[in-house]
Amino acid sequence: MLKPRAFLLFALCFAAPAQAGLFSDDEARDQVKQLDAGVTQQQDALRQQMERTAGQQTKSMLDMQAQLDALKSEIRNLRGQNEELAHGLQDAEKREKDFYVDLDTRLRHFESAEKEKAAQAASNPVVAAASSDPNDPAPGNRAYETAYGLFKVANYAKAVNAFQEFLNKYPDSVHVPNANYWLGDAQFALQDYQDALDTYQGLLKAVPGYPKAAEVLFNIAGCQQELKQDAAVKKTLKQLIAKYPASEPAAKAKKLLAGAK
């Protein structure tokens with residue numbers, strides 16, 4: 001009886017450590033699996049983060065490329081506009097040059113005609129009397145057109161002289177009111193504000209029903225403003241609004257008065 005018991009006890013002693021070793025291996029495997037799962041999760045998270053980062057970088061690069069393309073397009077448009085402006089300036093310079101040439105040709109023709117008339121007057125008094133008919137509007141028309149041509153090309157100093165000469169020679173011409181109007185504009189452009197004021201006021205006094213009376217009143221207010229005549233400016237603007245309430249200058253006058261308050 002003692003031998004079998006001793007054998008059983010001996011077997012139990014060896015079986016316990018083996019079972020303990022078996023459990024230790026299972027726990028180690030579980031830990032390894034957990035570690036592998038953790039590493040996999042970290043790798044997945046890192047990959048996702050890298051993908052998001054790469055996506056953001058790609059989007060940023062695409063945005064930058066789009067902005068660059070837009071800037072290039074804008075530069076091309078600006079270059080096109082610059083070329084158009086340069087072409088327009090060349091055309092304007094050419095037109096101005098052609099106008100001066102035409103004006104010079106007209107002046108030379110006019111001078112030649114005057115010399116021819118003088119020669120005819122010396123040789124034939126009858127022809128001279130006929131050609132110097134004060135009712136002939138042609139010389140006055142030419143003189144007015146010459147003065148207005150100088151004004152259109154912004155040669156204000158010569159325009160002033162030409163308009164004054166026209167007014168002195170042809171005081172009965174139908175162009176006298178308009179000549180005074182453009183004379184005042186030319187004087188204003190030359191900053192001769194007092195002379196412009198006198199011209200405008202004289203025009204309204206001589207021709208109360210002048211079609212551009214509203215513009216003239218507004219120009220008078222402009223002269224008074226440049227001459228620091230503040231009270232007179234307000235009076236003129238109010239007069240303009242009262243007389244010509246539906247005109248464009250009256251609308252401008254209202255804005256000026258509203259801004260002065």
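What is the handedness of the crossing of α3 and α4? The crossing is left-handed, a term used if the near helix is turned anticlockwise from the far one by less than a right angle, with right-handed used if clockwise.

## The model

This is a predicted model, in which local features need pLDDT of at least 70 and side-chain atom pairs count only at pLDDT 80 or more, while totals for chains, interfaces and linings use all residues. Residues are numbered from 1 along each chain as its sequence is written, and side-chain values use heavy atoms, leaving out hydrogens and water.

The pLDDT is the predictor's confidence in each residue, from 0 to 100. Its mean for the protein is 81, and 75% of the residues reach 70 or more. Over residues 121-131 the pLDDT is below 50, and this stretch has four contacts in the model beyond near neighbours in sequence. A contact means heavy atoms within 4.5 Å. Where pLDDT is low, the predicted coordinates should not be read in detail.

## Overall make-up

The protein has nine helices and zero strands. Both are DSSP runs numbered from the N terminus: helices are H or I with at least four residues, and strands are E with at least two. The pattern along the sequence is α-α-α-α-α-α-α-α-α.

Of the 261 residues, 22% count as buried. Buried means under 20% relative accessible area, exposed means over 50%, and partly exposed is in between, with a 1.4 Å probe and protein chains only. The accessible surface comes to about 19,100 Å², and 57% of it belongs to carbon and sulfur atoms. Among contacts with a separation of 6 or more, 44% join residues 24 or more positions apart.

Two packed helices are described by the angle between their axes and the distance between the axes. Axes are lines fitted to C-alpha atoms, for helices over the stretch in contact, and angles run from 0 to 180 degrees between N-to-C directions.

Helix α3 (residues 138-152) packs with α4 at an angle of about 160 degrees, and their axes are 7 Å apart. The angle makes α3 roughly antiparallel to α4. Angles over 145 degrees count as roughly antiparallel, under 35 as roughly parallel, 65 to 115 as roughly perpendicular and the rest as oblique. The residues in contact include Tyr144 and Phe151 of α3 and Ala159 and Phe163 of α4.

Ala154 is in the loop between α3 and α4. Its phi is near 65 degrees, a positive value in a residue other than glycine. Ala154 is partly exposed, with a relative accessible area of 41%.

## Helices α4 and α5

Helix α4 (residues 156-169) and helix α5 (residues 176-189) pack at an angle of about 150 degrees, with 9 Å between their axes. That makes α4 roughly antiparallel to α5. The crossing of α4 past α5 is left-handed. Residues that meet here include Val160, Phe163 and Leu167 in α4 and Ala179, Leu183 and Ala186 in α5.

Val160 lies in α4 and counts as buried at 10% relative accessibility. Leaving aside neighbours within four places in sequence, Val160 is in contact with Leu183, Ala186, Gln187 and Leu190. The C-alpha atoms of Val160 and Gly184 are separated by 8.5 Å, with the two residues 24 apart along the chain.

## After helix α5

Gln191 is in the loop between α5 and α6 (193-206). Although Gln191 is not a glycine, it has a positive phi of about 65 degrees. Most residues other than glycine have a negative phi. Gln191 is exposed, with a relative accessible area of 55%.

Note on methods. Areas by Shrake-Rupley, 256 points an atom, 1.4 Å probe, with all protein chains shown as cover.
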